[in-house]
Structure formats: C-alpha cells, structure tokens
Amino acid sequence: MFSRVCDPEGAAYVQSQCPRVKAWVERCSKDPVVLKARCGLNFDPRLPANCAAMQKMVGKYFKHQADLLPSFVDEVLAPYDAFASGSAPLLAFEDVDVHLFAGGLRLGDKLVESCIFSDNVYAACIQAGWKLRRHWIDLEDKPQWFLDLVEKNEAKAETPCALIKKADGSAEFVIDTTKLLERLAPSKGEGFPVADADVMPGLMMPWFGFQASLPVLVRDVRDAAKASAKEEKLTAFVERLKLLDAYLQDHDYLSGGSAPGWSDWRFIFLAGITVMMTRNFDADGGTKIEEQCPKVIAWINRLTRDPIFLRTREGVAYDPRAPQNALSMRHLVHKYFKHQKDLVPAFVDEVLAPFDAVAATAKQKAAAPATKGNAIAQSGLQKKELATFCL
C-alpha cells in the first residue's frame, strides 16, 4: 500500500515480480482474524487509520520524504487533526453521510435545539433515511471553527447548512433550507402542496408582524388605531393557518396519509412555536387561533407525539414552561422584539434562572487563566483504530 501511493512505478515492478504476493495480501485482508486485528480495516490508502499510519512512518523514519506523501493524506486527516486540537468537532464521514450544522442556544452548560429551519431539514433527512450527525451552533456565540468553515466555502454564517459526503469521499458544503431539502430530501409532491414562499415569508412574516404589533404600554392598549392594527395583523396570521386547517379537515396530517411526511415537517416547527408564543403573549389571540383553526391545534398535538418530531426536538413538545421553549421565547424577544421585554411571562425568568447561573459559572471558569501542566494529546481517530498505528 505504501509503495503504491509513494512510488507507483516501484509498486508496479514489485507486482510484476511478485504477482502472488498481491493476491495473498488481498486474500488475507478479507480474513476474519486479520480484520479483527486491524479493527475491520483493509489496506485502502484513503482510510483515515491508513493515512495516519503512513504519515507517522514518514514523520518518524523518512522525514526527508514528507513531500512524497499524497495530498489526500492531509485532506483525509484534517478533520481528525482539528478535533484532536480541540478546535472543532469531528467532521469525518466514517459512520455518517451528512454533518448538519443546526442552530442552538446555550441552556446552562449545554447547547439545545433552537432553529425551526434546522429542525425541518433534520426531520426530513431522518425520514428519508440519511445517516447524519447534528452539530449545534450557538446562535448567540458562533464558534470560530464554524465561522472558518463557512468562510472557506464563501457562505454566510447561517443555519442550517451541511457537509455532505460525495461519491469520491470528498465533502460538498450546502447552505439554505430549500437547497438542503432539494439535495437530501426532495418533495415527492404528496399531500398538502407547499411552495418555498408558503413557509417563509408565507407563514413566518404575518406572525412576525402580529408579534411586533403587540401593545406594551397602557397608552398603547388604549390606542384604538394601534389596537385595530394589531387585530388586522392577527387576522393575517390566522388566515395563513386557515389554509392548513382547511386541508386538515379531511386529513390527520399534511402528508395526506396516516403518518407525518414532507409537508408536515415544512410547517410544524414554525407553527408550533408561533402558536405557543401567541398563547403566552396575547391570550385573546391564542383563543382566536383555537376557535378558528381547531384542526391545526389538533395536528400540532398529534405531531408532538411522533418519534421523528421528538427526536428532532430532543423530546420537547410545546409546553411553554419547558426550559428549551422558555429559552427560545426569550431569545426571540431579545433579538427581534426588544421593546416587548416586559411582555415576556414572569415564569420564563423563573424557569431559566438555575440554567443562567450554571452558564455564568461556566463562563467564569472559561475566562480563568489556564493552569500549567503536561497536556496529553489525543488523536481524533477512534481509539479502536490506534492499534493500526503501532509500527
């Protein structure tokens, strides 16, 4: 293997002189004992463990020949090197086909789901059968490795985006919900018809306009013109929900079948969070939705029990007192509706107080000077592959 990649002519000569040796190596590489000894790995030079072995041999015994190593060695090992340095998650494709970068928020000392469009892509990909790993990107403090990744691919630092494994083993970077769905989980045209604009701006912007119109001060509540404008915006939002409600009169799901499908994943995460917020920021508005769109409410309740939904939202439905939902509501208000901070229900701060305390402690520890001592470098490769490096 080493000769084939570093000296193809020499390898050809060896093969011509020792043809039975090549056949023997190929037979042995399929033997159960050999496979067990090498952790299931054959002698494909592009396997990460083999790349690491070749890199180690050159670095240890043939340092003057570093330029002879094929360029693919560094390319294959790059994600492991970044992971080993602690600067990035492991973005290799050993057991997955897709690395999905999804928007999250810090809840205490961990990141949790908080991007409806990332949820849409994740759920659709799970249903489509993709093997994917989800990496949370802190929407309030995006990590440098993520910023470097999107800059390298000349993209915006937005979620969702993904690295997708190509047939030749390299990775394709794709950003934008629509493009990701087209690439990974395209619509089959079943059930409720959905155009891109039906979700954003279709349903999103009428809710956004309504939420922004909610009165904060007493004088705003008493202002007839502002009250009328708020009702108009609420009506516009409800009218968009009525389109779903009409279809759901004769169907349990927007897929048109007995289980959720593509159309359901396009709408549920946006509908769920906006209806929840309406109920908690404008009780009358919440009542209007329940009265005029009862099928939508029932559909939301059904979907929150679905396994794919629960996997996507980490087991959290739309209980406003669930810490994840309280965090999302606070984040949305602080980012988009700052003038409405006083409208945030009191229970939100109560629910989040212990998590905020944990986050503050973790931040203080991170800012503290590093202690001196010996650092133990760990390979980004799985420990089970380390045995293959022993030379």
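Which residues in α10 meet which residues in α13? The structure in which this contact is found is a predicted model, in which local features need pLDDT of at least 70 and side-chain atom pairs count only at pLDDT 80 or more, while totals for chains, interfaces and linings use all residues. Residues are numbered from 1 along each chain as its sequence is written, and side-chain values use heavy atoms, with hydrogens and water left out.

On the α10 side, the contact (heavy atoms within 4.5 Å) is made by Asp196, Asp198, Val199, Leu203, Met204, Trp207, Phe210 and Gln211, and these meet Arg266, Phe267, Leu270, Ala271, Thr274, Met277, Thr278 and Phe281 in α13. Sorted by type, the residues of this contact divide into 10 nonpolar, three polar and three charged, where Ala, Val, Leu, Ile, Met, Phe, Trp, Tyr, Cys and Pro count as nonpolar, Asp, Glu, Lys and Arg as charged, and the others, Gly among them, as polar. Two packed helices are described by the angle between their axes and the distance between the axes. For α10 and α13 the angle is about 10° and the axes are 11 Å apart, the axes being lines fitted to C-alpha atoms, for helices over the stretch in contact, with angles that run from 0 to 180 degrees between N-to-C directions. The two helices α10 and α13 are therefore roughly parallel to each other, a description given to angles under 35 degrees, whereas those over 145 count as roughly antiparallel, 65 to 115 as roughly perpendicular and the rest as oblique. Helices here (H or I, at least four residues) and strands (E, at least two) are DSSP runs, numbered from the N terminus.

Arg266 counts as buried at 6% relative accessibility, and Asp196 as partly exposed at 40%; buried means under 20% relative accessible area, exposed over 50%, and partly exposed in between (1.4 Å probe, protein chains only).

From the helices the reader can turn to the strands. Nine of the 10 residues of strand β1 (residues 98-107) are buried, so β1 is largely enclosed by the rest of the structure. Strands are said to pair if DSSP finds at least two bridges between them. Seven bridges join β1 to β3 (residues 132-138) in a parallel arrangement, with Leu100 opposite Arg134 and Gly103 partnered by Ile137. Strand β3 is itself largely enclosed by the rest of the structure, because six of its seven residues are buried. With β4 (residues 161-165), β1 runs antiparallel and is joined by four bridges, Val98 having Ile164 as its bridge partner. β1 also pairs with β2 (residues 110-113) in the antiparallel sense over four bridges, and here Leu105 stands opposite Val112. The hairpin of β1 and β2 has two residues between the strands, and in this hairpin Gly108 takes a positive phi near 70°.

Strands β1 and β3 are also linked through their side chains. Arg106 forms a salt bridge with Asp138, with 3.8 Å between the closest N and O atoms, and the pair links distant parts of the chain, Arg106 in strand β1 and Asp138 in strand β3, 32 residues apart. Arg106 is partly exposed, with a relative accessible area of 41%, whereas Asp138 is buried, at 8%.

Not counting residues up to four places away in sequence, Pro323 touches Leu107, Val351, Leu352 and Phe355, and at 27% relative accessibility Pro323 counts as partly exposed.

Further salt bridges complete the picture. Arg330 forms one with Asp356, the closest N and O atoms being 2.9 Å apart. Arg330 lies in helix α17 (residues 323-336) and Asp356 in helix α18 (residues 346-367), so the pair ties together parts that are 26 residues apart in sequence. Arg330 counts as buried at 17% relative accessibility, while Asp356 is partly exposed, with a relative accessible area of 33%. Elsewhere, Lys230, Glu231 and Asp282 are linked in a network of salt bridges, and the count of salt bridges comes to 12.

Conventions:
Salt bridge = Lys/Arg side-chain N within 4 Å of Asp/Glu carboxyl O.
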